[in-house]
Amino acid sequence: MEPVSDSLVYIVDDDAGVREALAWLLRSRRLLSESFDSAEVFDAMLKAQAAPCRPCCLLLDVRMPGLSGVGLQERLGKLGRVVPIIFVSAHGDVPMVARAMRDGAFDFLQKPFNEQVLLDRVHDAVLLAARRREEAERLTEIQRRLDGLTAREREVMEGMVAGRLNKQIADGLGISMKTVEQHRA
């Protein structure tokens with residue numbers, strides 16, 4: 001399993017030993033990581049950052065002093081930050097897991113976890129983030145192109161999207177077929 005190029009795994013856990021162990025495990029597979037000792041510190045870093053500039057995922061402890069992992073997930077959702085979250089906890093109960101998954105968690109792993117399972121889930125989460133990023137870039141490019149159309153080009157495009165023939169578009173807009181063809185181009 002090759003790492004997704006330029007990907008980053010955020011680790012948020014109040015236990016320094018867990019953060020170090022996870023960072024070491026990720027490094028052993030050539031995955032970059034950044035660690036945070038609380039949800040508040042991670043949240044502050046994210047607020048200072050415009051948007052992740054690389055595919056990323058979040059390994060998140062559920063129970064921490066202050067803002068909990070589930071609380072951070074909720075806050076990220078309100079900010080519109082869509083980061084695949086893998087919860088890692090020794091204290092997950094069924095209602096908590098159900099809530100986290102319902103609110104969009106990528107996965108929920110119980111401690112102690114199988115390292116390969118964790119690595120596989122991180123890989124899948126980062127791939128999802130990369131696909132989402134590519135899709136967002138594609139949609140931004142489409143919107144940029146749409147914004148660059150003249151009013152007439154937009155009218156011609158609407159006719160095309162509606163499935164009309166060039167002649168039908170020309171008749172409907174009161175222009176020549178040659179003009180429609182130029183606007184289509």
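Here's a quick briefing on some aromatic contacts and a strand pairing in this model. It's a predicted model, where local features need pLDDT of at least 70, side-chain atom pairs count only at pLDDT 80 or more, and totals for chains, interfaces and linings use all residues. Residues are numbered from 1 along each chain as its sequence is written, and side-chain values use heavy atoms, leaving out hydrogens and water.

**Aromatic rings**

- There are four aromatic pairs in the structure (rings of Phe, Tyr and Trp, the last by its six-membered ring, with centres within 6.5 Å; planes under 30 degrees apart are stacked, over 60 edge-to-face, the rest tilted).
- One of them is Tyr10 with Phe42, edge-to-face at 5.1 Å centre to centre and 65 degrees between the planes.
- That pair ties together distant parts of the chain, 32 residues apart: Tyr10 sits in strand S1 (residues 8-12) and Phe42 in helix H2 (residues 39-48).
- Helices (H or I, at least four residues) and strands (E, at least two) are DSSP runs, numbered from the N terminus.
- Phe36 and Phe42 have ring centres 5.2 Å apart and planes at 75 degrees, so this pair is edge-to-face.
- Put together, Tyr10, Phe36 and Phe42 make one aromatic cluster.

**Burial**

- Tyr10 comes out buried at 3% relative accessibility, and Phe42 is buried at 0% (buried is under 20% relative accessible area, exposed over 50%, partly exposed in between, with a 1.4 Å probe and protein chains only).
- Phe36 is buried, as is Phe42.

**Strands S4 and S5**

- Strands S4 (residues 85-89) and S5 (residues 107-110) run parallel, joined by four bridges; pairing takes at least two DSSP bridges.
- Ile86 faces Asp107 of S5.
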